[in-house]
Amino acid sequence: MFGLPGIMGKSVFGENSSDVGGGVNRSRNNNKSNNSSNGNKSKTLTYLLWLVGGVCGLHHFYLGRDLQGILWWCTFGGYFGFGWFRDLFYIGEYVADANKDEKYMKKFDYMVRVYEKPPFSTVRFTGMVVVAYLFSTVVSLAIPEDNVAGLSWQWLQIFTPLAAALGVWAVGNIGHETGSLKWPLICAYLVPMVSNPLKSFIFDKWGYDIDESTSFAIMILSAAWSFDHLEKRWRPKNQKTPGTLKRIVVISMCCLLYMALWSSYLYFNAKVTDEDGDEVPFHEALGHFFSSPWWLDVKQSFIDVWQFAQEHGWMETWRQIVSLSDPSGEQNAFKVLELRSGATQTEIKNQCRTLAVKYHPDKAKDDVIRKDVQNRFFEVQQACELLSNSRAKRRRKNKQFNEDL
């Protein structure tokens with residue numbers, strides 16, 4: 001989702017990229033050593049991982065693009081699948097970068113020689129804004145609105161600008177581009193400090209009221225602008241690639257932190273509106289759901305299926321599931337005709353005649369009753385036709401089978 005095609009490299013966690021001063025000339029000499037350290041990544045396997053787990057960044061983790069993989073995991077595939085779909089067209093370049101392909105590296109070396117710093121990318125800048133908004137919103141939502149343990153936790157809102165700056169920094173450090181957190185962090189905290197007196201001045205001078213959402217947007221845009229103009233540079237090539245254990249620890253910690261923030265929101269602040277319009281805390285509604293009769297019945301059904309499978313095997317269990325799902329509609333037809341399952345053809349014909357007379361629309365005098373009787377009459381007719389056709393098909397199949405023998 002983020003970055004210019006052809007210059008996006010690996011993730012921030014120690015990826016190798018081209019250097020600005022002198023590193024370009026060393027890139028060809030280092031290709032062989034980098035190939036041996038990074039390994040030969042398979043394009044076929046990358047596409048497969050993109051297909052089965054791309055929305056969680058699985059293909060990026062495989063290629064060593066850990067930061068981009070984490071962002072894909074947090075945003076469900078680069079903002080609800082947009083980045084995941086875009087990756088389809090750039091996986092070839094990602095694999096070439098991971099394998100330090102000579103043709104790809106020449107192309108990147110040319111980019112570094114032409115541009116002193118990475119050129120502006122609308123996609124990357126938009127990604128900075130989107131991820132900064134997401135991270136800061138999640139942090140703000142995770143802070144309990146009511147007192148917990150007798151204490152107010154609203155002072156934690158001070159970390160909201162930090163989350164916005166981290167979102168900008170994360171997107172800005174994808175691939176061959178890098179930059180520090182300094183200026184995004186300064187702008188993220190400076191804008192709220194200046195915005196309050198500035199809003200008062202504007203309101204007193206022109207009578208225009210700037211709401212919180214506008215101030216929030218200005219904070220994010222200023223952080224993104226400061227990174228793009230003051231921090232962005234090419235990533236040095238001589239960075240050491242971290243080991244597998246360190247990568248796993250860092251990725252796990254980031255994912256756990258993100259899940260903890262959402263869990264805090266769901267437990268402390270999320271509400272569910274019931275049929276009366278009353279708001280119920282989400283954790284209470286969830287507890288009531290798991291103690292509801294419907295869930296207890298579903299849970300018992302799963303337990304019964306498991307026990308049946310342990311006793312009779314999974315193949316027999318599957319046959320029973322298929323039979324109970326009534327794919328042919330015969331079970332429902334017997335129910336409509338008020339017959340036992342497996343009734344004889346004679347019983348079916350007699351019951352069809354009886355119910356056809358009983359529910360004939362001409363016998364109903366009231367208009368409301370006639371409509372209900374008519375619907376019931378049609379149900380009976382459909383059930384009789386279905387059972388008649390299914391029995392006829394069985395007879396034809398049995399006859400054909402006997403002739404083949």
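A nonpolar surface patch is made of residues with over 30% relative accessible area and no salt bridge, whose nonpolar side chains are joined within 5 Å. The model examined here is predicted.

**Exercise 1.** Determine which residues make the nonpolar surface patch of about 680 Å² and which elements give two or more residues to it.

*Solution.* Step one: the patch consists of Trp183, Ile186, Leu190, Met193, Val194, Trp225 and Leu230. Step two: H11 and H12 are the elements that each give two or more residues to the patch. Step three: H11 supplies the largest share, five residues.

**Exercise 2.** Is Ile186 buried, partly exposed or exposed?

*Solution.* Step one: Ile186 is located in helix H11. Step two: its relative accessible area is 36%. Step three: buried means under 20% and exposed over 50%, so Ile186 is partly exposed.

**Exercise 3.** Describe the largest nonpolar core and the surroundings of Val168.

*Solution.* Step one: this core has 30 residues, and those with the most contacts inside it are Leu71, Met128, Phe135, Val168 and Met219. Step two: the elements that give two or more residues to the core are helices H4 (66–74), H9 (122–142), H10 (160–172), H11 (182–206), H12 (212–231) and H13 (244–269). Step three: H9 gives the most, with seven residues. Step four: neighbours within four places in sequence aside, Val168 is in contact with Met128, Ala132, Pro184, Ala223, Ala224 and Phe227. Step five: another core, of 18 residues, lies apart from this one and includes Phe334, Val380, Ala383 and Leu387.

Definitions and conventions
Residues are numbered from 1 along each chain as its sequence is written. This is a predicted model: local features need pLDDT of at least 70, side-chain atom pairs count only at pLDDT 80 or more; totals for chains, interfaces and linings use all residues. Side-chain values use heavy atoms; hydrogens and water are left out. A nonpolar core is a set of buried Ala, Val, Leu, Ile, Met, Phe, Trp, Tyr and Cys residues joined through side-chain atoms within 4.5 Å. Buried means under 20% relative accessible area, exposed over 50%, partly exposed in between (1.4 Å probe, protein chains only). Helices (H or I, at least four residues) and strands (E, at least two) are DSSP runs, numbered from the N terminus. Contact means heavy atoms within 4.5 Å. Patches are made of residues with over 30% relative accessible area and no salt bridge: like charges are joined within 9 Å, nonpolar side chains (Val, Leu, Ile, Met, Phe, Trp, Tyr) within 5 Å. Accessible areas come from the Shrake-Rupley method with a 1.4 Å probe; for residues, only the protein chains shown count as cover. A salt bridge is a side-chain nitrogen of Lys or Arg within 4 Å of a carboxyl oxygen of Asp or Glu.
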